[in-house]
Amino acid sequence: MMGCMIQAWSADDVRAAEEPLLTAGVALMRQAAFALAVIVRRDLARRRAVAGPDGELRDGSVRGARVALLVGAGNNGGDALHAGAFLARRGLAVTAYLAAPRVHEGGLAALLAAGGRAVTVDATPTAGPAGDSATSVPEAATAAAGADVIVDGLLGIGARGPMRGTGATLVEALAAALADAPSDGSNDGRNDGPHAVEAPPRRAHASASAAATRPWVVAVDAPSGIGIDDGTLPGPVLPADRTVTFGAAKPGLLLPPATHVTGAGAVIDIGLELPPPGRPGQAPAVVRLQDADVVWPVPGPHDHKYTRGVVGVVAGTATYPGAALLTASAAVQAGAGMVRYQGPADVGRAVVAARPEVVTAGGRVQAWVLGSGLPATGGDDGQRGRARAALAAASGRLAGAQEPVPAVVDAGALGLLDHTCPAWVVLTPHAGELAALLVARGEAVDRAHVEAEPLRWARRAHEATGATVLLKGGASVVVGPGVVYAQADAPGWLATAGAGDVLAGLLGAMLAARAPEIVTHPERAAQVAAAAALVHGRAAERANPGGPITALAVADAIPGAVAALLAQR
Ligand SMILES: NC(=O)C1=CN([C@@H]2O[C@H](COP(=O)(O)OP(=O)(O)OC[C@H]3O[C@@H](n4cnc5c(N)ncnc54)[C@H](OP(=O)(O)O)[C@@H]3O)[C@@H](O)[C@H]2O)[C@@H](O)CC1
Ligand SMILES: Nc1ncnc2c1ncn2[C@@H]1O[C@H](COP(=O)(O)OP(=O)(O)O)[C@@H](O)[C@H]1O
Ligand SMILES: [K+]
């Protein structure tokens, strides 16, 4: 692994990595809790910024700020309690809401000794741990919703299944209470991943409006109740503005849908060795590429159009001619040596009129882009036949044909896969298309199932077809042989017709540029697909930062996005 990609390790691997340190007596929890407290203080100070004499905003005082700790039965609650003790010692008003009959004893003792309060939360209050009082779930939710910051320490990597018990009812009540409170906009909903430790922007603090503003929610290790290893949302979860995670990112922080409730990130180094001692060669469960990880061949003096890669496009029909232009444009803008279009003559003429770089003459190609703008059923039989022939050639199944080459199989071409594919064939379905592909293979699954468990179903599709699978969505999941990538690089504005056609063309150009390498090392196709999702997202952002975009504008923003990535080298 290279660059600065984010590696997420399974809960089991993280535990295995913690074990030797805990055996050696390293105080991992105190390290974790101290880092958590520092980040909570810093985020709070930013949110309470005040204007200095020069008019510049400066971090504000956090003294007296109200901190609500949500504390579960395990060590995740222990982290929250110890962090609360640090914060109480710095003058913050810390109250722990204990959502379990027994909580981490050392953490509770530390909090009480530091001047914090603890309240047992229960529908039918009974005597709780020493030094606390009791409250009902609605009272606790109302009180926590009125705090300046909520620290969610209900469940971490010990979570099994949907959150149960008092923690679950508390989170449900709190989520309802918070939904009514206005946000101050500190978190714009963008998830830059666990390594994005930047503090929220400074906001001028006005006590009247601050009282009405919803609290900043900091998740300890993970938003409690997410599927730590699979990124599912099996039950109640409190969406976080920041997730402070220990030792390494966890898969659920990167994978959809849970990645959308993690907020900003922060991975705290607590000295874990990963892969864990005793598991050499163990790979991270999920990887997220960062800008520096994008491999983009830069042409040199000996290159010519054929070494740069020729992309063959079989996309668009008389009914959906726009897909042809979007796919071909993206391939051109991504720097393909040449783009050859195959399709109905009038569609080809329209493509060439708009993009004179495209040729319609036949010839050798180094990667195919197949199926964008081809309906799943019916439509243009000629175009379907071309796509089927190109897919067979790409897969190496056409007697006497050229060497196999990578292929992107999109939209209507997904239904043409009747054989097992090599992994240099990359499928690019959205959730509905992935469900249809699996239904055709005997699975009982629909779009909603795929959206709820994207990793599971993308993996199933990879296993069923052999192909690399790029499952598109607000965050995209790529599954190839032995690897999983999860990219969340795009603004929501990218959810617009034709955006997927642009991704297909872009990915085709990226595969064509490295075709011989990808066919020799098909496991690398997944990394190229993940990089294409990243570049696609960056281009979308550049197309119109913060506002609506069109698919063609995304294609036209690819050159600038690539230049910006290369300039970071
Ligand atoms: N080891 C260390 O020193 C370090 C650990 N660290 C921290 O520890 C965290 C892991 O701690 P952990 O192993 O105690 O598990 P944790 O996530 O707190 O939950 C376990 C408790 O929850 C319960 N429970 C389970 N599922 C449930 C559900 N669905 N709904 C409701 N309850 C459920 C479960 O009950 P049980 O299943 O046993 O009945 C048990 O009581 C980790 O994320 C990190 O924050 C860091 O400080 C670094 C050093
Ligand atoms: N909410 C979202 N946020 C960011 N990107 C999104 C979102 N929804 C979809 N996308 C991306 O937009 C593209 C849509 O592709 P697709 O569904 O195939 O549309 P089309 O078939 O119209 O081209 C995909 O690349 C997908 O990852
Ligand atoms: K948590």
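For the residue classes used in this tour, Ala, Val, Leu, Ile, Met, Phe, Trp, Tyr, Cys and Pro count as nonpolar, Asp, Glu, Lys and Arg as charged, and the others, Gly among them, as polar. The model is predicted: local features need pLDDT of at least 70 and side-chain atom pairs count only at pLDDT 80 or more, while totals for chains, interfaces and linings use all residues. Residues are numbered from 1 along each chain as its sequence is written, and chains are lettered from A and ligands numbered from 1 in the order in which they are written.

Begin by selecting ligand 1. Its shell holds 27 residues, each with its C-beta atom, placed from the backbone, within 6 Å of the ligand. Ala73, Gly74, Asn75, Gly156 and Gly158 are the closest. By class, twelve are nonpolar, ten polar and five charged.

Next, select helix H3 (75-89), a DSSP run of H or I with at least four residues, numbered from the N terminus. H3 gives the most to this shell, with four residues.

Then select Asn76, Asp152 and Ser224, which the unreviewed UniProt entry annotates as "binding site"; such annotations may be inferred rather than shown by experiment. These residues span 149 residues in sequence, yet no two of their C-alpha atoms are more than 9.1 Å apart, so they gather at one spot.

Centre the view on Asp152. This residue is buried, with 32 other C-beta atoms within 10 Å; the term requires 20 or more such atoms, placed from the backbone. Finally, move to Ser224, in the loop between strand S9 (216-220) and strand S10 (242-246). Ser224 is also buried, with 28 other C-beta atoms within 10 Å.

Technical notes:
Helices (H or I, at least four residues) and strands (E, at least two) are DSSP runs, numbered from the N terminus. A residue is buried if 20 or more other C-beta atoms lie within 10 Å of its own, exposed if 12 or fewer, and partly exposed in between; C-beta atoms are placed from the backbone.
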